[in-house]
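Visitor: I would like to learn how to read the features of a model like this one. Please take me through them step by step.

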Amino acid sequence: MGYNELLRDLQRGASAQAAGISRGHGGPPPRTVSARSGLHRMRCASLLKPLYAWVTAARIPDAERWRRHAEPAVVISSNSDTRSLWLAVGPLVILDDIYQRTGVAWPMHNADPSRFGSIEVAADEVATAYAALAQAAFAGDPVAGSVLEWMRRVEGDQTYGTRQALGAPEAGIKCGWFGEPDETCLRTHAVAVLPDAGTRATVVVALTAQPYTDARKREVYHTRVAQGHSVEAEHEKASGPLLRDLMAMTLSELGHGDDR
């Protein structure tokens, strides 16, 4: 099965992207792959929380305060802790710091600076940014190393079975999910950083947006979100298999493990 088979049967109005990158000193030449159907960019800021944690450490003098918010932002995807980092440092500073470290530029598309969830990204950009994070960690950056270790501790429903799909139990994972009240899609997305030796980084990313047009179901969904209840099961139903297949296909296309 290839990307065409995975993407050709998407529902009308659905979008999906996948991207991967493998690069680093030594070994085979750098390799990138990507595929896209539908929207060029999607809102998936939960996927960026580890990057926010990485760059804000240098901007918050109190290391314990930074860690108190950064760790749960990554490990359990805490929105309140992410917002604390986001507002303490400032969104424009955070986004510029990500650009300076990774070469990836993401603008804000919302006038309300508290809404870190408004950032729109493409899968290949996410892969590039995480490759920079991984290589910094492998090269000895202690903050990047901590962030990757927290990603390895993400577990349970928050992984959507991606480690099993990739055959990589030690992978660092970050997933995200949401459907804004003004949207008729559920967005589900994931990034995985594969363990490697030296400074070689392998990253795979998948972004999906599946139609969720039934008004009653959307009302129940948003009520559950507002009450703090889990909605991962709805996202698993809508996108789980596609998300895992896209990531596994991307890893295969990268030839991960072929040179070992």
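Guide: Start with burial. Buried means under 20% relative accessible area, exposed means over 50%, and partly exposed lies in between, using a 1.4 Å probe and protein chains only. Arg 67 has a relative accessible area of 34%, so Arg 67 is partly exposed. Glu 71 is buried, because its relative accessible area is 19%.

Visitor: What should I know about the model and its numbering?

Guide: This is a predicted model: local features need pLDDT of at least 70, side-chain atom pairs count only at pLDDT 80 or more, and totals for chains, interfaces and linings use all residues. Residues are numbered from 1 along each chain as its sequence is written, and side-chain values use heavy atoms, with hydrogens and water left out.

Visitor: How many salt bridges does a search of the whole structure find?

Guide: First the criterion. A salt bridge is a side-chain nitrogen of Lys or Arg within 4 Å of a carboxyl oxygen of Asp or Glu. The search of the whole structure finds 10. One of them joins Glu 71 and Arg 67, at 3.3 Å from N to O.

Visitor: Where do Glu 71 and Arg 67 lie?

Guide: Elements come from DSSP runs: helices are H or I with at least four residues, strands are E with at least two, and both are numbered from the N terminus. Glu 71 and Arg 67 both lie in helix H3. They are 4 residues apart, about one turn of the helix.

Visitor: Which residue forms a salt bridge with Glu 71 at 2.7 Å?

Guide: Arg 153 does, with 2.7 Å between the closest N and O atoms. Arg 153 lies in the loop between H7 and helix H8 (162-166) and Glu 71 in helix H3, so this pair ties together parts 82 residues apart in sequence. Arg 153 counts as partly exposed, because its relative accessibility is 37%.

Visitor: Which residues do salt bridges with shared partners join into one network?

Guide: Arg 43, Glu 183 and Arg 187 form that network. Elsewhere, the side chains of Arg 244 and Glu 236 meet at 2.8 Å, N to O. Glu 236 is partly exposed, with a relative accessible area of 28%.

Visitor: Now the aromatics. How do I read a ring pair?

Guide: A pair of aromatic rings is described by the distance of the centres and the angle of the planes. Rings of Phe, Tyr and Trp (its six-membered ring) pair if their centres lie within 6.5 Å; planes under 30 degrees apart count as stacked, over 60 as edge-to-face and the rest as tilted. A search of the whole structure finds 6 aromatic pairs. Take Tyr 52 and Trp 86: their centres are 5.0 Å apart and their planes at 45 degrees, so the pair is tilted. This pair links distant parts of the chain, with Tyr 52 in helix H2 (residues 49-56) and Trp 86 in helix H4 (residues 79-89), 34 residues apart. Tyr 52 and Trp 86 are buried. Together with Phe 116, they form one aromatic cluster.

Visitor: What are the distance and angle for Trp 66 and Trp 150?

Guide: The ring centres of Trp 66 and Trp 150 are 5.6 Å apart and the planes at 35 degrees, so this pair is tilted. Trp 66 is in helix H3 (residues 63-75) and Trp 150 in helix H7 (residues 142-152), 84 residues apart. Trp 66 and Trp 150 are buried.

Visitor: How many strands form the open sheet, and in what order?

Guide: Strands of a sheet pair through backbone hydrogen bonds, either parallel or antiparallel. Two strands pair if DSSP finds at least two bridges between them. Here 5 strands form an open sheet in the order E2-E1-E7-E6-E5, with antiparallel pairing. Strand E2 (31-37) and strand E5 (172-178) are the edge strands, each pairing on one side only.

Visitor: Which strands does E1 pair with?

Guide: Strand E1 (residues 15-23) pairs with E2 over 7 bridges, and 9 bridges join E1 to E7. Ala 18 has Ala 35 as its bridge partner in E2. Gly 20 stands opposite Val 204 in E7. E1 is mostly covered, with 8 of its 9 residues buried.

Visitor: Last, is His 189 buried or exposed?

Guide: His 189 counts as buried, because its relative accessibility is 3%. His 189 lies in strand E6 (residues 185-194). Contact means heavy atoms within 4.5 Å. Not counting residues up to four places away in sequence, His 189 touches several residues, including Arg 43, Cys 44, Trp 177 and Leu 243.
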